Amino acid sequence: MSRQVTVCGTTPLNTRIVGGEDAPAGSWPWQVSLQRFGSHVCGGSLINREWVMSAAHCFSSADSSGWRVSLGHQNLQGNNPNEVSSTVAEIVLHPAYDSDTSNNDIALLRLSSPVKFTDYIRPVCLAAADSVFNSGTDSWVTGWGAVKEGESLPFPETLQEVEVPVLGNRPCNCLNGVGTITDNMICAGLLAGGKDSCQGDSGGPMVNQQGSVWVQSGIVSFGFGCARPKLPGVYSRVSNYQSWINSHIKSDKPGFVQFSSSGLDADNSYTCPAPMCGKAPLNSRASGDSGRVPGGMWPWMVSLYKNGVYTCGGTLISKNFVLTSAQCFST
């Protein structure tokens, strides 16, 4: 591994296991604020002296004009004595980023000049290829995003931290909608809700501690609302991009660390539970007159067509089967 490994992921000013909502200064020295024309837009993480990693969806193009990176930043308003600011020389968006699905939601930013490391400005280690993050793995997410849906951080807008467990891709896929979660994503959050990243946290890091170092496993990507029950946050899976990152950073390579989770991962045997039968969320009536039926009143009702012509009715009884009368068919 490169010499960067001896530097990355260390936090001289962060010695605690759990903490409050406000992150003490220097706790997450790789956290950066990406700003455009003086306003905070997204988070990011310092990964070596010249490069910052963030989310592709934070940028409408690869044009770096107007962008600045603030390092050692604690409060969005007021004094930041440990802050260093840099313009951005280059923005590299993943070529396969899909804005519709959020797949490959990752970007790299090259600073105009190398930054000097301090106790408040240090790079994070990155999860190496084939790293394993089992369900339940403790993670920390940091950023200056909203504290609730539609509710911005109060003055002085201090960097926030929240601890959330990893949720396996299979249950995350079931909860967010089958087909939503790809192998390039990793999820984290409480099934009960209440803890999550939110608007303004995009591009920021999700990190996990291994031994004495912190390893970035995810990049804040998307979610349905913020901290809603059974809707965990979705992050870009950093370990899937080791080759792509190294292809753009030719010298002073970031420190990649193989993260390992102990024990068996329950995600491997998880299957989506069948929906509750007999439930009609849009049908609240106990009794009523006969007549035209509003949409969704009887959600198991199906129409059977042959060559485009309505033939019979039927009943949905599972994901793959419909029940109807044999007389509807000639053979």
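**Exercise 1. Locate Asn75 and decide whether this residue is buried or exposed.**

Step 1. Asn75 sits in the loop that runs between β4 and β5. Helices (H or I, at least four residues) and strands (E, at least two) are DSSP runs, numbered from the N terminus.

Step 2. The model is a predicted one, in which local features need pLDDT of at least 70 and side-chain atom pairs count only at pLDDT 80 or more, while totals for chains, interfaces and linings use all residues. Residues are numbered from 1 along each chain as its sequence is written, and side-chain values use heavy atoms, with hydrogens and water left out.

Step 3. Buried means under 20% relative accessible area, exposed over 50%, and partly exposed in between (1.4 Å probe, protein chains only). Asn75 has a relative accessible area of 15%, so Asn75 is buried.

Step 4. Contact means heavy atoms within 4.5 Å. Apart from neighbours within four places in sequence, Asn75 is in contact with Asn80, Trp144, Pro156, Glu157 and Thr158.

**Exercise 2. Describe the chain as a whole.**

Step 1. The secondary structure comprises two helices and 17 strands.

Step 2. The chain has 331 residues, of which 46% count as buried.

Step 3. Take the contacts with a separation of 6 or more: 67% of them are between residues 24 or more positions apart.

**Exercise 3. Which residues touch the most other members of the largest nonpolar core?**

Step 1. A nonpolar core is a set of buried Ala, Val, Leu, Ile, Met, Phe, Trp, Tyr and Cys residues joined through side-chain atoms within 4.5 Å. In soluble globular proteins, nonpolar side chains tend to be buried together.

Step 2. The largest core has 44 residues, and Leu34, Leu46, Ile47, Met53, Val69 and Ile245 touch the most other members. Two or more residues each come from β1, β2, β3 (51-54), β4 (67-71), β5, β6, β12 (213-222) and α2 (242-248). β6 gives the largest share, four residues. A second, separate core of 17 residues includes Cys8, Val164, Ile186 and Tyr235.

Step 3. Return to Met53. Leaving out residues up to four places away in sequence, Met53 touches residues including Ile47, Leu108, Ile219 and Ile245.

**Exercise 4. How many salt bridges are there, and which side chains form them?**

Step 1. A salt bridge is a side-chain nitrogen of Lys or Arg within 4 Å of a carboxyl oxygen of Asp or Glu. The count by this rule is two.

Step 2. Arg110 and Glu90 form a salt bridge at 3.0 Å, N to O. This pair links distant parts of the chain, with Arg110 in strand β6 (residues 107-111) and Glu90 in strand β5 (residues 84-93), 20 residues apart. Arg110 is partly exposed at 27% relative accessible area, and Glu90 is partly exposed at 31%.

Step 3. Arg122 and Asp119 form a salt bridge at 3.9 Å, N to O. Asp119 is partly exposed, at 34% relative accessibility.
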